Amino acid sequence: MLSRETRLVCGITLLTVPTIFYGGLTLLGILTHGSAGVDTQGLALDATQLALFRAGHAHAGVLVILSLVLQILLDAAALSNAAKWTARIASIIGATFISGAFFGMAFFPAFRFVLYFGIASMAVSVLTTGVGLIRNPVQSNQSRGNPS
């Protein structure tokens with residue numbers, strides 16, 4: 001059973017997934033010169049910009065999935081509510097800032113600082129969740145009251 005907090009954060013996160021779909025359609029339009037996906041007439045990207053768009057889109061999908069998995073794992077972690085909320089929010093911020101930074105860097109190299117902040121946020125979430133899971137070892141059958 002998912003906690004109320006997990007359901008809330010996962011629900012909000014899932015509402016952002018259509019933006020990833022739209023980004024994929026836009027990228028498809030760029031790659032096919034408008035013959036598939038979203039019409040991107042007038043948007044010409046050089047090789048570096050195209051690579052950064054691909055990286056941004058790929059990271060968006062993967063990191064949103066990681067963020068959803070972390071929400072579920074946090075229910076089993078031995079952490080305070082404040083630490084759990086920090087990890088929950090940091091995972092969403094990390095996923096958003098990392099993927100967004102790749103798109104931004106295609107036009108403004110200074111967006112690398114947004115990338116660094118996103119990486120730090122995601123690292124806080126992953127490490128906090130990992131520590132919380134290690135601190136909460138699986139109970140043996142005898143300690144649960146099950147004879148075996």
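Q: In this predicted model, where contact means heavy atoms within 4.5 Å, which residues does M122 touch once its neighbours within four places in sequence are left aside?
A: M122 is listed among the residues with the most contacts inside the largest nonpolar core. With its neighbours within four places in sequence left aside, the residues in contact with M122 are L63, L66, L70, A90, S91, G94, A95 and I98.

Q: Is Q71 buried or exposed?
A: Q71 belongs to helix α3, and its side chain is joined to that of S91 by a polar contact of 2.9 Å. Leaving aside neighbours within four places in sequence, Q71 is also in contact with residues including T6, V9, C10 and R88. Buried means under 20% relative accessible area, and because Q71 has a relative accessibility of 0%, it counts as buried.

Q: What relative accessible area does I89 have, as a member of the nonpolar patch on the surface?
A: I89, which is placed in helix α4, forms this patch together with L8, I12 and W85, and the accessible area of the four together is about 340 Å². The elements that give two or more residues to the patch are α1 (4-15) and α4 (81-105). I89 counts as partly exposed because its relative accessible area is 39%.

Methods:
Residues numbered from 1 in each chain as written. Predicted model: local features only at pLDDT ≥ 70, side-chain atom pairs only at ≥ 80, totals over all residues. Heavy atoms only, no water. Patch = residues over 30% accessible without salt bridge, like charges linked within 9 Å, V, L, I, M, F, W, Y side chains within 5 Å. Areas by Shrake-Rupley, 256 points an atom, 1.4 Å probe, with all protein chains shown as cover. Salt bridge = Lys/Arg side-chain N within 4 Å of Asp/Glu carboxyl O. Helix = DSSP H or I, 4+ residues; strand = E, 2+ residues; numbered from the N terminus. Buried < 20%, exposed > 50% of the residue type's maximum accessible area, 1.4 Å probe, protein only. Core = buried A, V, L, I, M, F, W, Y, C linked by side-chain atoms within 4.5 Å. Contact = heavy atoms within 4.5 Å. Polar contact = N/O pair within 3.5 Å; in protein donor to acceptor, adjacent residues only side chain to side chain.
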